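This report goes through a two-chain model element by element. Please keep the sequence and the 3D view open while reading.

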Amino acid sequence: MEYKTLIFKFLESIQISTFAYNFSLNLFKFKGIITIFAPNFEIFMALKPIKSLLALCLSLLLLSSSTKVWANETVAATKEHANAEEGAFNVTETILDHIKDDHSWHIWGHTSLHLPVILYTSKGVEVFSSSKFLDEHHAPAIYKGNFDYKIVEGKTKIVNTAGEVDKEASKQLWDFSITKNVASLFVSVFIMLTVLLTAAGAYKKTGIKSAPKGVQSLMEPIVLFVRDEVAIPNIGAKRHGKYMPFLLTIFFLVLTNNFLGLVPFFPGGANVSGNIAFTMTLAVCVFIVVNLSANKSYWEHIFWMPGMHWSMKLFLAPIELIGVFTKPISLMIRLFANITAGHILVLSLICLIFIFKTVFASAIAVPFAVFIGMIELLVAFLQAYIFTMLSAMYIGMATEEHAHDEHKELAHH
Amino acid sequence: MVVGSVAAIGAGLAAIGAGIGIGQIGKGAVEGIARQPEAANEIRSNMIVAAAFVEAVALFAVVVALLGNG
């Protein structure tokens, strides 16, 4: 029953903590679909003669609906490009435009959500809508506030009267805008709070002795997975309790944002976990936790490796010291690169349609994009798992009590 | 144009390396499972973690190639 008190504690800490973020329904939807279809699979196999027919119908359906959508988008895209710049379709530009952070969040067609811009300058705080950066023809414009602001290469800059970037003044500018990524983070916070508070409330109401119900039964296996597969094997049964809230927070945060990034329409689609600033924040948290919980023998192994000749100790110390920093850096780059690469892959496949300039290219591009999307679902979960597991491993390495120290002590006695 | 091609060659080399690496991991895992089917679950999870490490290195290269390109 110990684990239930643990979950209860964790959920309660989530309730208090504003650092509590998110959790994804998608995994459970995905799992749910599998479990729904699994019992019907035998019936499905009995219909073997018409199976191929069904498959054909399905692919035709997919093809017809997708071509329609993409055909519309092609028209829209060509129109936009004709307006903006008269040139060929630029794949790299389009893809990078989709994966980068932005001040507006595309909803459908020509409708976008213009997010607030929050700037801090020498004249104080200023808040205005990002739609002010566009004129009536959707071309970039200068907003006249305390200073004249303009977006240059995705960044807000102060411009002078001639319309050129004022570099000195721009250095004084602090941009705290609610961008697409920040808004998406709010969405994941909302999802996580909804799910976790529901589960926490249920534990509060029915206690930890009764069987889990509803959202609880979705939460419990995941929390137990993190505890039994990640925390205990890496940190150890004795010490893992202290680090469980941290590991669970990281796990759910990364998982939800990974899944939200895979949702192609409005509340998802922002590339949060594929943003290096986001992964860096997580990596810095891991760095702080690992180094604050490190014990004496961990530092001894870094600066004065026991059981080595002194010249070797001198040689190893800088290498081990670099290792302290490369571990969180590798965490940062791994998550960033995996998620960004996944987004780029899907977008490149969709871009094939625009490169070949025919709707029939979608017959190849869309099934491939769906296939890669399925792999990305696995990667989304896997990266959350690996990030958590490596954090747990680093914490485990930092808090480990070494056997040979005990031998030394035994020798002394 | 030249920069783009060199970056593409770099990404291709990274893909070769990752392909060899993941191939070795898959080979090892399948052999391990064939010898000890009862340890299949443990081997599989370790295989996935190791494959993710190899993949990450390839993705570092892809990122560098992209940065070089842009």
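## Helix α8 of chain A

Helix α8 of chain A covers residues 240–262; at 1.5 Å a residue, its 23 residues should span 33 Å, and the 32 Å between its end C-alpha atoms agrees with this. Most of α8(A) is covered, with 19 of its 23 residues buried. These values, like the others in this report, come from a predicted model. For the complex, the predictor gives an ipTM of 0.75 and a pTM of 0.74.

## Strands of chain A

| Strand pair | Sense | Bridges |
|---|---|---|
| β1(A) (residues 104–108) and β2(A) (residues 111–114) | antiparallel | four bridges |
| β3(A) (residues 116–121) and β4(A) (residues 124–129) | antiparallel | six bridges |
| β3(A) and β8(A) (residues 174–175) | antiparallel | two bridges |
| β6(A) (residues 148–152) and β7(A) | antiparallel | five bridges |

In general, strands of a sheet pair through backbone hydrogen bonds, in either the parallel or the antiparallel sense.

β1(A) and β2(A) make a hairpin with two residues between the strands, and there G109(A) takes a positive phi near 45°. Across this pair, W105(A) of chain A stands opposite L113(A) in β2(A).

A hairpin is also formed by β3(A) and β4(A), again with two residues between them. Strand β3(A) pairs with β4(A) and with β8(A). L119(A) shows both pairings: its bridge partner in β4(A) is E126(A), and its bridge partner in β8(A) is D175(A).

Which strands stand at the edges, each with a single partner strand? The sheet concerned is open and antiparallel, and its three strands follow the order β5-β6-β7 in chain A. β5 (143–144) and β7 (155–159) of chain A are the edge strands; each has a single partner, so one side of each lacks a neighbour in the sheet. Between β6(A) and β7(A) there are five bridges, and D148(A) stands opposite V159(A) in β7(A).

Chain B has two helices and zero strands. Of its 70 residues, 11% count as buried. Among the contacts in chain B between residues at least 6 apart in sequence, 78% join residues at least 24 apart. The mean pLDDT of chain B is 83, with 87% of its residues at 70 or more.

One residue of chain B can be followed in some detail. A7(B) lies in helix α1 of chain B, which covers residues 2–35. Is A7(B) buried or partly exposed? A7(B) has 19 other C-beta atoms within 10 Å, and a buried residue needs 20 or more, so A7(B) counts as partly exposed. Its C-alpha atom is separated by 15 Å from that of G17(B), a residue 10 positions away along the chain.

How many residues of chain B are in contact with chain A? Nine residues of chain B are in contact with 10 residues of chain A. The side of chain B that touches chain A consists, by class, of eight nonpolar residues, one polar residue and no charged residues.

Key. Residues numbered from 1 in each chain as written. Chains lettered and ligands numbered in written order. Predicted model: local features only at pLDDT ≥ 70, side-chain atom pairs only at ≥ 80, totals over all residues. Buried ≥ 20, exposed ≤ 12 C-beta atoms within 10 Å, placed from the backbone. Contact = placed C-beta atoms within 7 Å. Pairing = 2+ DSSP bridges. Nonpolar A, V, L, I, M, F, W, Y, C, P; charged D, E, K, R; others polar. Expected span 1.5 Å × (residues − 1). pLDDT = per-residue confidence, 0-100.
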